[in-house]
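Let's walk through this one together, question by question. Have a look at the sequence and the model first.

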Amino acid sequence: TSTNTTTTTTTTTMTTTTTPTTTTTTTPTTTTTTTKTTTTTSAGSGPAELKNDEMCGITGGQAECYFDCDITSSVQGSGQLIKDLTCLQDCFSSQESVTDYCITSLLNDVISKGVCNLTDEFGYNPGPGTYQPVVTCGMDVVPHPVYGFDQTVVDQGTCSAETENLLLNEECRREIMEEQGFIQNTLLQLIQNSCNHNVSEYYVDFMQGNLPSGRKKRDAESLNSEEAQLHSRVKRLAPAQVIYGSDGIRTKLEF
């Protein structure tokens, strides 16, 4: 803080002059003195400097494990997919006792053994066409559970028996469904193209059962209650978030 102070002092002096004719004349003389005083006050030795704080912009956050992943889009793969699966391996636990180890097991199987060739007799492969190698798997023909027509499904794929057992666990399903959309879609595509059809149906049935049009088997009162709960929340959800209201599952957002 700088303060400039100006002080003006006026002094009047009476001068007497005596002449031989004994006439006395008094002449006023005015002298003006100006003094300028500057006062400087600061926290340091000089004026305060305007600058950024050393903690400016530092929030304590960190990069997400998938920031180094290459994301691609696939019509047959139902949207965005992570192309290089190895970049996801550090996102999930390698300890078997941890719930999301089931995802690690799935990734390891597909990375090492590939995905199944689902090409039908007409030359059409419904797979995303993103992952290699594409290998021949044991297939089976079963009736569609709803429409009744025969469908060709994976019987023995590239998923190990251990992985399939882990994926059929409800806690594992929760871990997968809580992932952000592009990660969730990637994992579901791997299951559909690599694991036994019963594992695939486990996830497909869950997702269809949580759509408003897929809850026909539930009583009306329960349905109305769940729908009201869902719609009351949807306005407050982040754009990247999905909620499965009846099971209390929602996308985990770490930001």
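Q: Which helix holds Ser112, and is its side of the chain buried or exposed?
A: Ser112 is found in helix 1; helices (H or I, at least four residues) and strands (E, at least two) are DSSP runs, numbered from the N terminus. This is a predicted model, where local features need pLDDT of at least 70 and side-chain atom pairs count only at pLDDT 80 or more, while totals for chains, interfaces and linings use all residues. Residues are numbered from 1 along each chain as its sequence is written, and side-chain values use heavy atoms, with hydrogens and water left out. Because its relative accessible area is 55%, and buried means under 20%, exposed over 50% and partly exposed in between (1.4 Å probe, protein chains only), Ser112 in helix 1 counts as exposed.

Q: Which backbone oxygens lie by a polar atom of the side chain of Ser112?
A: A polar contact is a pair of N or O atoms within 3.5 Å; within protein, one must be able to donate a hydrogen and the other to accept it, and residues adjacent in sequence count only if both atoms are side-chain atoms. An α-helix has 3.6 residues a turn, so residues three or four places apart point the same way. For Ser112, the distances are 3.2 Å to the backbone oxygen of Asp109 and 2.8 Å to that of Asn108.

Q: What distance in space separates Ser112 and Thr158, C-alpha to C-alpha?
A: In sequence, Ser112 and Thr158 are 46 residues apart. In space, their C-alpha atoms are separated by 8.9 Å.

Q: What do the buried residues of helix 1 pack against?
A: Helix 1 covers residues 101–113 and reaches 18 Å from its first C-alpha to its last, close to the expected 18 Å (1.5 Å times one less than the number of residues). Its buried residues include Tyr101, Ile103, Ser105, Leu106 and Asp109. They pack, with contact meaning heavy atoms within 4.5 Å, against strand 5 (115–116), helix 2, helix 3 (170–177) and helix 4 (181–194).

Q: Which side chains make polar contacts with the side chain of Thr163?
A: Thr163 sits in helix 2 (residues 161–167) and is buried, because its relative accessible area is 0%. Leaving aside residues up to four places away in sequence, Thr163 touches Ser105, Leu106 and Asp109. Its side-chain polar contacts are at 2.5 Å with Ser105 and at 2.6 Å with Asp109.

Q: Why does Val115 count as buried?
A: Val115 is found in strand 5. Not counting residues up to four places away in sequence, it touches several residues, among them Val110, Tyr131, Pro133 and Thr158. Val115 counts as buried because its relative accessibility is 7%.

Q: Which residues make the nonpolar surface patch of about 390 Å²?
A: Patches are made of residues with over 30% relative accessible area and no salt bridge: like charges are joined within 9 Å, nonpolar side chains (Val, Leu, Ile, Met, Phe, Trp, Tyr) within 5 Å. Phe149, in the loop between strand 7 (138–143) and strand 8 (150–156), counts as partly exposed because its relative accessibility is 46%. The patch is made by Val146, Tyr147 and Phe149.

Q: What share of the residues of the protein count as buried?
A: The protein has 6 helices and 10 strands. Of its 255 residues, the share that count as buried is 32%.

Definitions and conventions:
Accessible areas come from the Shrake-Rupley method with a 1.4 Å probe; for residues, only the protein chains shown count as cover. A salt bridge is a side-chain nitrogen of Lys or Arg within 4 Å of a carboxyl oxygen of Asp or Glu.
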